[in-house]
Amino acid sequence: MKKVLVVMSTLGMGGAEKSLISFLNMVEKDFLDDNKISIDFLTADSGSLLIQEIPSYINILKCPLRYKIWSLPINDAYKYCRKTSVFFWKSIYKLNCKMSKCKATQNEVYWIANRKFIPRISNHYDVCIAYMNGGTTYFAIDKVKAKKKYVWVHNEYEKLNYTDEFQRDYFEQADGIITISERCVDSIINRFPEFSSKVKMIENISSSNIILKKADAYLPKEYEAIDDTIIVSVGRLVEQKGFDIGIDAVKLLINRGDKVKWYIVGEGSDRASLQKKIDVAGFEDTIYLLGIRENPYPYIKNADIFFQPSRFEGKSITLDEAKLLNKAIVVSNYSTVYDSIRDGENGSIANLDPEDLAKKIHQLIENPELKNKYQLNLASSEHGNEKEIYKYQEMLLGGW
């Protein structure tokens with residue numbers, strides 16, 4: 001029996017996490033049985049709603065406590081700290097005074113300081129897949145014994161806050177470095193030309209059948225009896241997603257007299273600052289931070305406009321999902337957006353500033369013909385990429 005371990009630090013509702021769930025669901029049991037493959041899955045985030053979507057034939061491992069503490073956000077990790085070494089917890093804070101003398105980033109330094117306290121996985125594997133950059137990769141390389149190891153980078157490497165010297169050691173030990181678009185491939189090779197033969201593109205996988213079925217599951221109660229234009233965004237509440245700029249754009253729409261409601265599905269470390277910005281602007285009845293929804297697709301399907309004001313993306317799976325659901329889209333002009341959107345044909349690309357974002361949203365509100373054009377063009381195209389599963393299968397077999 002060929003044994004495979006898939007590692008993912010946390011399971012929020014981000015694109016990488018949803019892509020992982022699609023991957024695990026699309027690798028059919030018959031394929032695994034025919035090729036005598038068993039898959040173990042390890043995550044620090046065992047309480048995530050997405051755990052319920054993992055197929056029953058995937059074996060979910062119990063996460064080592066110290067890795068759970070290291071991986072989870074500080075507020076979630078605190079409850080576990082009472083059950084483990086005080087030294088381990090205190091060591092995290094002691095690093096703060098050393099940071100100014102260290103070239104590595106905070107996350108890298110935390111791993112250096114604590115990795116010796118995190119136990120190795122006792123099982124031996126044929127293949128180990130680290131499905132996220134950062135801590136997931138460090139754990140897979142340092143704490144898992146496997147014949148082949150593949151690590152993921154889910155964004156343009158050059159946009160991420162990493163130290164090349166630190167990452168080089170982990171890329172050196174990996175058998176394959178996977179990323180999600182040609183631009184992301186180039187970004188890795190620009191920094192690490194010596195690893196060019198290891199870098200491979202596998203798109204974030206989206207199943208059109210699964211998404212369309214889930215989108216019809218219900219009508220969001222928040223949308224009931226709403227006559228205003230409904231704008232929706234789905235993503236982590238972090239700086240990368242640009243929701244702070246989006247709030248300023250919506251303020252301009254309101255000042256212009258547009259009647260809109262903006263619903264943001266997702267959770268993250270910037271929730272408090274975003275909510276404060278909403279409250280200060282007096283937009284409690286206009287902009288809503290909904291938190292995580294187990295099934296976000298009805299929110300996209302039943303909205304009027306999908307809005308993504310990101311500062312950067314790798315290749316946005318949420319944007320691909322909105323396209324599949326034929327939504328009129330307004331998105332910022334981050335570098336990889338042109339892999340997904342043709343401005344003026346199947347969506348509107350705006351400069352990353354409140355004025356232009358508001359202008360493009362207003363155009364869709366005032367011009368139903370433009371909105372219909374986008375939707376018709378999207379409806380006539382195919383957006384699912386189920387065939388990417390063959391690349392995953394090759395990896396499970398230990399190929400390349």
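A salt bridge is a side-chain nitrogen of Lys or Arg within 4 Å of a carboxyl oxygen of Asp or Glu. In this predicted model, Asp-304 and Lys-371 meet that criterion through their side chains, with N and O 3.4 Å apart. The pair joins distant parts of the chain, the two residues being 67 positions apart. Asp-304 sits in the loop between helix 13 (297-301) and strand 11 (305-308). Lys-371 belongs to helix 16 (residues 368-379). Asp-304 has a relative accessibility of 23% and therefore counts as partly exposed.

Side chains of opposite charge can pair when their charged atoms come close. Across the whole structure, 19 salt bridges were found. One of them connects Lys-159 with Glu-156, at an N to O distance of 3.4 Å. Lys-159 is partly exposed at 38% relative accessibility. Glu-156 is buried, at 8%. A salt bridge also forms between Lys-391 and Glu-388, whose closest N and O atoms lie 3.3 Å apart. Glu-388 has a relative accessible area of 11% and is buried. Lys-221, Glu-222 and Arg-293 are linked in a network of salt bridges.

Rolling a probe the size of a water molecule over the atoms shows where empty space is left. The search gave 1 cavity of 30 Å³ or more. The volume of the largest cavity is about 40 Å³. Its lining consists of Asn-133, Gly-134, Thr-137, Trp-152, Val-153, Tyr-157, Tyr-162, Gln-167 and Phe-171. Of these lining residues, 5 are nonpolar and 4 are polar. No charged residue takes part in the lining. Strand 5 (145-153) and helix 8 each contribute at least two residues to the lining of this cavity.

Gln-167, one of the lining residues of the largest cavity, was considered in more detail. Gln-167 lies in helix 8 (residues 164-173). Its relative accessibility is 3%, so Gln-167 counts as buried. Leaving aside residues up to four places away in sequence, Gln-167 touches Glu-108, Tyr-138, Tyr-157, Tyr-162 and Phe-192. Ala-104 is 63 residues from Gln-167 in sequence. In space, the C-alpha atoms of Gln-167 and Ala-104 are 9.8 Å apart.

Methods. Residues numbered from 1 in each chain as written. Predicted model: local features only at pLDDT ≥ 70, side-chain atom pairs only at ≥ 80, totals over all residues. Heavy atoms only, no water. Helix = DSSP H or I, 4+ residues; strand = E, 2+ residues; numbered from the N terminus. Buried < 20%, exposed > 50% of the residue type's maximum accessible area, 1.4 Å probe, protein only. Contact = heavy atoms within 4.5 Å. 1 Å grid on protein atoms, 1.4 Å probe; cavity = no way out; pocket = protein on both sides within 12 Å on 5 of 7 lines; lining within 4 Å. Points joined across faces, edges and corners; volume = space filled by probe spheres on them. Nonpolar A, V, L, I, M, F, W, Y, C, P; charged D, E, K, R; others polar.
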